[in-house]
Amino acid sequence: MNKWMQIAYNEAIKGMVSNDGGPFGAVIVKDDKIIASSHNKVLKTKDPTAHAEINSIRKASKILNSFDLSECILYTTCQPCPMCLGAIFWARIKTVYYGASKDDASVGGFDDSHFYDMINSKNSEVKLNQIDKEINAKLFELWNKKEDATLY
């Protein structure tokens, strides 16, 4: 097993054994050194966003004092869900290695297919309704006028 994936795997085991959350672990590496690692902590924290990848990104960002993790590599025990993919994109992580597939995860009860259906406009579980577009769109005009705005 890849040495970094082994660490992610060990995190997943640690989280399962302690009942912190599901069977997921992740590690973020930069310059061949571990920056952060974590496991799923949804049950422990009662936070549905406490996925292994998200937890690792939060820790790495704090350690590196940056929202830009473009020089980092993420290793995760499972193909990232859409939420984690969003966080990976926002963190600018360019390389991700994953172990199990989303289909493997669904066998364990972690089925992301309804999220992908929504992304592809095939899901009616969540209704997205736009309201007050004009006033809210003006926020971006204000942002663009802000002299000390930091784009992320």
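## Lys146 and Asp148

In this predicted model, Lys146 has a relative accessible area of 40% and is partly exposed. Its salt-bridge partner is Asp148, with the closest N and O atoms 2.7 Å apart. Asp148 has a relative accessible area of 55%, so this residue is classed as exposed, the cut-off for that class being over 50%.

## Asp32 and Lys3

A salt bridge also joins the side chains of Asp32 and Lys3, with an N to O distance of 3.9 Å. Lys3 belongs to helix α1 (residues 3-17), while Asp32 sits in the loop between β1 (25-30) and β2 (33-39), so the contact ties together parts that are 29 residues apart in sequence. Asp32 counts as exposed, at 52% relative accessibility.

## Arg58 and Asp47

The side chains of Arg58 and Asp47 form a salt bridge at 4.0 Å, N to O. This pair links distant parts of the chain, eleven residues apart: Asp47 is in the loop between α2 (42-45) and α3, and Arg58 is in helix α3 (residues 52-64).

Arg58 is partly exposed, at 45% relative accessibility. Asp47 is also partly exposed, with a relative accessible area of 25%; buried would require a value under 20%.

## Count

How many salt bridges does the model contain by the rule applied here? The count is three.

Technical notes:
Residues are numbered from 1 along each chain as its sequence is written. This is a predicted model: local features need pLDDT of at least 70, side-chain atom pairs count only at pLDDT 80 or more; totals for chains, interfaces and linings use all residues. Side-chain values use heavy atoms; hydrogens and water are left out. Helices (H or I, at least four residues) and strands (E, at least two) are DSSP runs, numbered from the N terminus. Buried means under 20% relative accessible area, exposed over 50%, partly exposed in between (1.4 Å probe, protein chains only).
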